[in-house]
Amino acid sequence: MLSNSEIGIDLGTANILVYSKNKGIILNEPSVVAIDTETKSVLAVGAEAKNMIGKTPGKIVAVRPLKDGVIADFDVTTEMLKQVMRKASKKLGFSIRKPTVVVCTPSGATSVERRAIQDAVRGSGAKSVTLIEEPVAAAIGADLPVGEPVANVIVDIGGGTTEVAIISYGGVVSCNTIRIGGDQMDEDIIQYVRKRYNLLIGERTAEQVKIEVGQALIEHDERKMEIRGRDLVTGLPKTIELTSLQIQEALKESLLHILETIRATLENCPPELSGDIVDRGVILTGGGSLLNGLQDWLSHEIVVPVHLAPNPLESVAIGTGRSLTVIDKLQKVK
């Protein structure tokens with residue numbers, strides 16, 4: 001039985017989520033750290049630090065220590081995890097001495113990257129650290145029967161990466177990872193607005209555009225949105241209007257890469273499991289799966305049913321926490 005001192009962590013490029021079996025998701029914070037470059041001290045972590053992006057004086061920088069789902073800055077990640085653990089223990093209403101932690105890693109992570117994640121979590125005060133592959137965690141969190149010999153196809157579109165995996169009998173049968181996710185979509189929008197309008201916009205504005213008028217490659221009723229940025233010619237603030245058709249064009253390349261990855265994974269599927277996929281379809285999880293029209297577009301392109309997980313943003317964290325109860329079985333299978 002899971003005690004309070006056992007927690008699951010989804011160490012995402014965009015957000016860190018902490019799950020406890022008794023209380024569900026107890027923490028959901030952006031993976032951002034604000035650092036004073038002169039003293040090297042951490043000033044803020046999570047939502048507070050994210051609000052500082054693009055708005056701080058020179059000596060304070062807001063950084064994302066995780067890139068493409070793996071650790072880019074080890075020391076900052078460890079410091080961020082310490083703060084996350086501290087917040088989690090407060091939420092649980094007592095001081096966790098040394099929690100047992102399960103953390104997910106991208107299935108394409110190298111052994112060095114996995115070791116870095118383990119060391120960072122240990123350094124933040126965990127007693128023991130177990131790693132679980134992200135697609136397996138996402139499948140458990142999406143209530144799929146991962147322990148049974150049937151094909152479960154999971155498409156996890158996160159901040160830094162998109163992972164497509166076929167899971168059967170507790171393990172990954174076929175998997176592909178590309179370093180394209182929500183962050184890349186934001187970058188596509190920034191570059192599009194820059195080329196088309198000579199206007200510079202920030203990450204947060206781009207993310208807002210993606211949420212409000214972002215659109216998969218499918219026919220739809222056009223939506224419009226006003227945004228503000230800095231004119232690169234005059235250097236002055238300027239307001240322009242963007243439409244969902246323009247954002248569709250901006251996101252086209254990244255979306256086609258994701259589609260190609262799904263196709264490549266399905267092509268590697270053993271024939272015995274292909275029948276299951278036709279019946280059961282594909283499950284979308286991760287923040288990127290919430291893009292307008294994505295479900296219909298993918299279903300039309302790959303000609304199998306496409307379903308959205310019950311909690312796409314939280315699937316991996318929930319699965320990471322729940323996996324503590326099934327991890328022995330999963331490890332036996334491995």
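Analyst: We take the helix pair and then the cysteines. This is a predicted model, in which local features need pLDDT of at least 70 and side-chain atom pairs count only at pLDDT 80 or more, while totals for chains, interfaces and linings use all residues. Residues are numbered from 1 along each chain as its sequence is written, and side-chain values use heavy atoms, with hydrogens and water left out.

User: At what angle do helix H7 and helix H9 pack?

Analyst: Axes are lines fitted to C-alpha atoms, for helices over the stretch in contact, and angles run from 0 to 180 degrees between N-to-C directions. Here H7 (residues 244-267) and H9 (residues 294-302) pack at about 45 degrees, their axes lying 11 Å apart. H7 is therefore oblique to H9, the class left once angles under 35 degrees (roughly parallel), over 145 (roughly antiparallel) and 65 to 115 (roughly perpendicular) are set aside.

User: Which residues of H7 and H9 make the contact?

Analyst: With contact meaning heavy atoms within 4.5 Å, H7 contributes Leu255, Leu256, Leu259, Ile262, Arg263 and Leu266, and H9 contributes Leu294, Trp297, Leu298, Glu301 and Ile302.

User: How many disulfides does the count come to?

Analyst: A disulfide is a covalent bond between the sulfur atoms of two cysteines. The criterion is a pair of cysteine sulfur atoms within 2.5 Å, and the count comes to 0. For Cys104, the nearest cysteine sulfur, that of Cys175, is 13 Å away. The sulfur of Cys269 also has its closest cysteine sulfur in Cys175, at 13 Å, too far for a bond.

User: Is Cys104 buried or exposed?

Analyst: Cys104 is buried, with a relative accessible area of 1%, where buried means under 20%, exposed over 50% and partly exposed in between, using a 1.4 Å probe and protein chains only. Cys269 is buried as well, at 8%.

Note on methods. Helices (H or I, at least four residues) and strands (E, at least two) are DSSP runs, numbered from the N terminus.
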